[in-house]
Amino acid sequence: MPHTYKVSKKVRRDPKPYDVSMWLRRCPKGVRSCFKAQGNWDSQKPIFRGCAGAKYEHGTKCKRELQRVQVTPGKPRVDVEVYLCYCTGDECNKEDITAGVGRLDGGPIRLGGFVASVINMVFTGVVMYVLTVE
């Protein structure tokens, strides 16, 4: 014998306020520097913040470089302008880090290892999301 179900009407609720604190976290033990990176590609300027991959102090400094990033799988990589700033202290990357921003003649910093991987993964995800939304 078939069952009958009572269909109820869903009550729409107001959305919860956005909780920025869900993105805050403490760096792993021993890590003393944070980074803030801003990409610049195709009129998009995503910002990434995180803990430096090394346990030594990077100091407060900023550099600019072009990175080759694969935006779409199977397509050629594109040059993305990246401004990378380091700072020392807990949650110091929440504010603007202005050390050396106006002085770009210091040569590009080579982003290696963990920081470059994080920037590439997050930037690729953001770009793919933006491309699929449009």
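Buried residues are defined here as those with under 20% relative accessible area, exposed residues as those with over 50%, and partly exposed residues as those in between (1.4 Å probe, protein chains only). The structure is a predicted model, in which local features need pLDDT of at least 70, side-chain atom pairs count only at pLDDT 80 or more, and totals for chains, interfaces and linings use all residues. Residues are numbered from 1 along each chain as its sequence is written, and side-chain values use heavy atoms, with hydrogens and water left out.

The confidence of the predictor in each residue is expressed as pLDDT, from 0 to 100. The mean pLDDT of the protein is 75, with 71% of its residues reaching 70 or more. Secondary-structure elements are DSSP runs numbered from the N terminus, comprising helices (H or I, at least four residues) and strands (E, at least two). Among these elements, β4 has the highest mean pLDDT (89) and helix α1 (residues 113-133) the lowest (58). Over residues 101-112 the pLDDT is below 50, and this stretch has 20 contacts in the model beyond near neighbours in sequence, a contact being heavy atoms within 4.5 Å. Where pLDDT is low, the predicted coordinates should not be read in detail.

Four strands form an open sheet in the order β2-β1-β4-β3, with antiparallel pairing; two strands pair if DSSP finds at least two bridges between them. Strands β2 and β3 stand at the edges, each with a single partner strand, so one side of each is left without a neighbour in the sheet. From one strand to the next, the twist averages 25°, where axes are lines fitted to C-alpha atoms, for helices over the stretch in contact, and angles run from 0 to 180 degrees between N-to-C directions.

Strand β1 (residues 33-40) is mostly covered, six of its eight residues being buried. Five bridges join β1 to β2 (residues 47-51), and K36 stands opposite R49 in β2. The two strands form a hairpin with six residues between them, and D42 in the turn has a positive phi of about 50°. Eight bridges join β1 to β4 (residues 78-88), with C87 as the bridge partner of C34.

Nine bridges join β3 to β4, which run antiparallel. Within β3 (residues 61-69) lies L66, which is partly exposed, with a relative accessible area of 48%. L66 stands opposite E81 in β4 and touches V80 and E81, not counting residues up to four places away in sequence.

A search of the whole structure finds three disulfides, each being a pair of cysteine sulfur atoms within 2.5 Å. One joins C27 to C51 (S to S 2.0 Å). C27 lies in the segment before β1 and C51 in β2, so the pair ties together parts that are 24 residues apart in sequence. The torsion about this S-S bond is about -95°, so the disulfide is left-handed; both C27 and C51 are buried. A further disulfide joins C62 to C85 (S to S 2.1 Å) and is right-handed, with 115° about the S-S bond. C62 lies in β3 and C85 in β4, so this pair ties together parts that are 23 residues apart in sequence. A disulfide also joins C87 to C92 (S to S 1.9 Å); its torsion is about 85°, so the link is right-handed.

With bonded cysteines counted along the chain, the disulfides follow the pattern 1-2, 3-4, 5-6. C34 is in no disulfide, and the nearest cysteine sulfur, that of C92, is 4.1 Å away. At 5% relative accessibility, C34 counts as buried.
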